[in-house]
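Me: I have a structure open and I'd like to understand how its inside is put together. Could we go through it step by step?

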Amino acid sequence: AIFAKRNTTRKMRRIELIITGGSPAGLVIPPGRTMVADPENIHLPRIVFVGDSITANTYQAYAGCGLEETIAQRLRLWERFVTSAQGGTGWNKDNGVALRWSHPTRITDVVALNPDIVVYIGSQNDATGAPLEAAITSTLTTLQSQLPDTLFVGIGNIMGDSTTLANSIGSGWSGAPDQSRVRYINNHAPRKWIPSTHVTDWATQGDANHPHDDALNWFAAMAATSIGNAIVEMVSLSDE
């Protein structure tokens with residue numbers, strides 16, 4: 001098993017798992033054999049994660065241990081999560097052909113997935129200020145119009161130790177028209193999830209912009225709890 005050892009059989013199996021960039025890319029099985037997949041549990045909510053290179057699993061240590069993968073596992077939504085993440089991008093930041101999250105194409109992509117929950121993580125690639133805040137508010141406004149039953153959760157920049165940026169992202173979220181369906185989790189204020197004195201301890205050696213694997217696991221644990229609480233709160237309000 002990928003996530004944990006399971007002693008379900010002692011018979012040697014000839015199955016090859018293909019890993020590309022740290023993520024599962026396929027299976028090679030013996031000729032004449034077939035794989036039978038468990039049916040997708042369509043009764044679970046579909047959750048979509050949008051982010052930058054951190055959400056795209058940069059420097060993950062093994063398959064299945066990425067930020068959004070760990071969050072989905074902790075929320076018991078592993079079967080129903082989708083990732084839309086590209087390095088160097090942000091709410092208002094393109095990276096070459098990789099488009100910003102507020103671009104109409106990225107919005108269309110999210111809508112096409114027909115999610116029950118959308119989680120935006122970051123981004124540290126953005127610049128603080130009115131253009132960023134306007135891009136966030138505009139994106140959420142469009143998404144809420146096209147996805148009238150979807151819940152939206154945001155988290156601030158992970159690395160960078162910038163409370164100013166996290167607050168600016170929060171200001172953008174506060175402009176969403178239906179506040180009953182959005183929650184912004186400020187991971188820098190009033191208390192930082194990663195204390196300023198420990199930022200270097202969280203960073204990958206030689207790259208201050210990305211957390212190492214252990215740090216990513218800790219962040220995912222904190223994020224999963226906060227996201228879960230936000231979802232429960234929004235669902236509770238909708239039932240009143």
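Me: Which residues have the most contacts inside the largest nonpolar core?
Reply: The largest nonpolar core has 32 residues, and those with the most contacts inside it are L67, I71, F219 and I227. A nonpolar core here is a set of buried Ala, Val, Leu, Ile, Met, Phe, Trp, Tyr and Cys residues joined through side-chain atoms within 4.5 Å. Buried means under 20% relative accessible area, exposed means over 50%, and partly exposed lies in between, with a 1.4 Å probe and protein chains only.

Me: Which helices and strands each supply at least two residues of this core?
Reply: They are β3 (47–51), α1 (67–74), β5 (117–121), β6 (151–155), α5 (199–202) and α6 (213–239), and the largest share, 10 residues, comes from α6. Helices (H or I, at least four residues) and strands (E, at least two) are DSSP runs, numbered from the N terminus.

Me: And what is I71 in contact with?
Reply: Leaving aside neighbours within four places in sequence, I71 is in contact with F49, I121, A220, A223, A224 and I227, where contact means heavy atoms within 4.5 Å. There is also a second, separate core of 20 residues, which includes I136, L140, F152 and A176.

Me: Before I go on, where does this model come from?
Reply: It is a predicted model, in which local features need pLDDT of at least 70 and side-chain atom pairs count only at pLDDT 80 or more, while totals for chains, interfaces and linings use all residues. Residues are numbered from 1 along each chain as its sequence is written, and side-chain values use heavy atoms, with hydrogens and water left out.

Me: OK, the whole chain then: how many helices and strands, and how much counts as buried?
Reply: The protein chain has six helices and nine strands, and 45% of its 240 residues count as buried. Among contacts between residues at least 6 apart in sequence, 71% join residues at least 24 apart.

Me: New topic: which peptide bonds are cis?
Reply: One of them runs from G122 to S123, with omega near 25°, and S123 has its place in the loop between β5 and α3 (130–146). The peptide bond from A189 to P190 is also cis, with omega near 5°, and P190 is in the loop between β7 (182–185) and α5.

Me: What about N57, is that residue buried or exposed?
Reply: N57 is buried, with a relative accessible area of 7%, and this residue lies in the loop between β3 and α1. Its phi is near 75°, a positive value in a residue other than glycine. N114 also has a positive phi, of about 50°, although it is not a glycine, but N114 counts as exposed at 57% relative accessibility.
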